[in-house]
Amino acid sequence: MPDNTMVSTTMISTTSIGTTTASTALVFDSGDNAFMMISTALVLMMTPALAFFYGGLVHTKNILNQLFLSFVCMGIVFTQWVLIGFTFAFGPPVSRGFGSFGDAVLRFGSRMDPFYSPTYPLLTYAAYQGTFAIITAAIISGSIVGRMKLIPYMIFIFLWTTGCYDALAHWVWSENGWLKHLGTLDFAGGTVVHISSGVSGFVASLILGKRIDYKPHESIANNLPFTVLGCCLLWVGWIGFNAGSANAASALASLALVNTNAAAAAALITWVVIDALRGQITVSGACVSPVIGLVAITPAAGFVQPGWALLFGIIPTTIIYFMVLYKHHMKFDDTLDVAIIHGCGGIIGAFMTGLFSELNQNPSGGADGAFYGRPVQLWYQIAGILTTIGFASACTAGLLLPLKYTIGIRLSPEEELRGLDCSAHGEKWEITNKSRQATTSTVTSGNTSERLPFSDKNGSTSDKRSSRSRSNNKRRSVVRLRSDISRSRYNATRVRPQQQSQPQRNNQQLNVKDLPLPV
């Protein structure tokens with residue numbers, strides 16, 4: 001080991017409820033700790049990246065609200081994670097289905113854990129897993145854009161993370177989780193993160209109902225540069241998402257890193273090629289496609305060869321492309337296609353993991369799939385998929401329906417048409433035509449006639465009035481200019497005979513022959 005690597009030996013006692021095992025020596029590796037902390041930062045960055053990704057795709061009247069719905073999860077979920085979330089998911093287990101309060105408020109100090117963090121402090125692992133919980137909750141917000149009240153949304157996020165996410169994380173990733181012991185493979189969150197959030201977003205959109213101004217054939221994207229920025233940052237952050245799940249700076253992390261980029265790249269090329277064959281390459285589609293590949297490879301990033309990772313980008317992207325193309329036939333309003341991209345992408349990726357996984361790629365935690373002589377792995381993957389779909393659906397409905405019939409979760413039609421930026425936040429974000437600059441202004445309370453609701457996708461009634469006034473001003477300017485020109489011409493015809501001198505008149509009578517030839 002290099003001389004500049006700090007190595008120390010710590011004697012710990014691994015304990016479980018009612019049982020104490022022998023002391024085990026664990027070696028602290030500063031390289032692994034640094035790698036996991038960097039991965040934690042990358043995954044945390046994915047939540048504001050998701051906010052930008054979503055923010056560019058929503059209506060201008062809801063852009064600030066969508067940014068808020070994403071990044072507020074960084075406060076709600078991590079607070080929950082420190083208090084009870086981590087111990088429910090990874091604390092001393094009561095059974096294969098539930099954690100305990102044993103590690104509540106992360107009161108385990110700097111100890112290491114032989115299963116979760118054998119070479120670095122358990123606190124680092126807790127922070128890393130906390131960032132997964134944050135972005136999982138934030139993904140759901142894409143399904144409910146523009147029609148859910150803020151307070152019920154924040155209550156739902158806290159309760160959903162506690163009741164749904166923590167339990168799924170325990171079942172799939174915990175030392176004694178029942179899906180883990182069954183044989184379900186999920187390297188970095190295909191079931192725990194993407195299927196659960198996609199299914200929950202779908203159920204939430206059904207319970208909330210369609211938007212008042214919902215038009216299935218119409219795009220409401222307002223700022224595609226935001227979406228491009230968010231997509232690029234998500235791609236970079238996903239390296240920490242998948243490679244960090246190797247739990248050490250190891251060869252397995254390198255495999256996950258390469259597979260992550262291979263799937264995203266293949267997905268991007270696939271979408272662009274299909275778009276080109278149909279006649280037009282869309283920027284919004286090109287931004288969505290890498291996310292599809294990244295979602296699909298997430299459960300398999302540490303179990304498959306890089307060659308198979310290309311298929312994890314090509315196959316799901318092809319399927320989801322046509323699902324998005326014909327989504328107007330579906331009878332629900334999932335605003336940003338969370339159910340299709342994350343839910344279906346996670347399902348396809350988890351299923352393909354049962355086909356292409358290979359024990360040689362990950363001897364300590366992998367298994368051979370159907371293409372390597374072990375078709376039973378497909379059943380284990382299907383069991384994990386169905387369990388996640390059923391449990392996430394039940395949790396989401398069980399939380400939203402009581403909120404719906406008690407405090408209410410849906411905005412009034414007037415507030416929804418005005419947009420949450422104005423009605424919920426008292427602010428709005430817009431690009432002014434005069435200065436071509438993005439501005440944020442505060443909406444002050446006053447006469448309701450001055451704050452009319454938005455009437456269509458292009459903005460508010462006040463925006464229409466301002467555009468009419470600008471066009472009228474332009475007409476007046478043109479009329480005034482024409483009048484000035486006519487007046488000047490009339491004056492010129494009156495002045496010219498008086499000012500014209502006799503020599504000039506004589507010059508006008510010169511013979512044409514006396515004029516110089518043109519050069």
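Val 105 touches Val 82 and Leu 83, residues up to four places away in sequence not being counted. Contact here means heavy atoms within 4.5 Å. Val 105 sits in the loop between helix H2 (63–90) and H3. Its relative accessibility is 45%, so Val 105 counts as partly exposed. Buried means under 20% relative accessible area, exposed means over 50%, and partly exposed lies in between (1.4 Å probe, protein chains only).

The model is predicted: local features need pLDDT of at least 70, side-chain atom pairs count only at pLDDT 80 or more, and totals for chains, interfaces and linings use all residues. Residues are numbered from 1 along each chain as its sequence is written, and side-chain values use heavy atoms, with hydrogens and water left out.

The protein has 16 helices and eight strands. These are DSSP runs numbered from the N terminus (helices: H or I, at least four residues; strands: E, at least two). Of its 519 residues, 47% count as buried. The accessible surface comes to about 24,100 Å², and carbon and sulfur atoms account for 63% of this surface. Accessible areas come from the Shrake-Rupley method with a 1.4 Å probe; for residues, only the protein chains shown count as cover. Among contacts between residues at least 6 apart in sequence, 73% join residues at least 24 apart.

One such pairing involves helix H5 (residues 178–182), which includes Leu 182. Leu 182 is in contact with Tyr 380 and Ala 383, leaving aside neighbours within four places in sequence. The C-alpha atoms of Leu 182 and Tyr 380 are separated by 6.8 Å, although the two residues are 198 apart along the chain. Leu 182 is partly exposed, because its relative accessible area is 30%.

The largest nonpolar core has 115 residues. Such a core is a set of buried Ala, Val, Leu, Ile, Met, Phe, Trp, Tyr and Cys residues joined through side-chain atoms within 4.5 Å. Phe 53, Phe 86, Phe 90, Tyr 165, Trp 173 and Phe 241 have the most contacts inside the core. Helix H4 (residues 150–173) gives the most to this core, with 13 residues. Phe 90 touches Trp 81, Tyr 116, Tyr 125, Gln 129, Ala 169, Trp 173 and Ser 174, not counting residues up to four places away in sequence. In soluble globular proteins, nonpolar side chains tend to be buried together.

A search of the whole structure finds two cavities of 30 Å³ or more. On a 1 Å grid over the protein atoms alone, a cavity is a set of points where a 1.4 Å probe fits but cannot get out; lining residues have an atom within 4 Å of a point. The largest cavity has a volume of about 70 Å³. Its lining includes Phe 53, Trp 238, Phe 241 and His 342. Helices H1 (30–55), H3 (122–140), H6 (190–208) and H7 (224–243) each give two or more residues to this lining. By class, the lining has ten nonpolar, two polar and no charged residues. Ala, Val, Leu, Ile, Met, Phe, Trp, Tyr, Cys and Pro count as nonpolar, Asp, Glu, Lys and Arg as charged, and the others, Gly among them, as polar.

The second largest cavity has a volume of about 40 Å³. Phe 53, Val 291 and His 342 are among the residues that line the second largest cavity. H11 gives the most to this lining, with three residues.

How values were computed:
On a 1 Å grid over the protein atoms alone, a cavity is a set of points where a 1.4 Å probe fits but cannot get out, and a pocket is an open set with protein on both sides within 12 Å along at least five of seven lines; lining residues have an atom within 4 Å of a point. Grid points are joined across faces, edges and corners, and a volume is the space filled by probe spheres set on the points.
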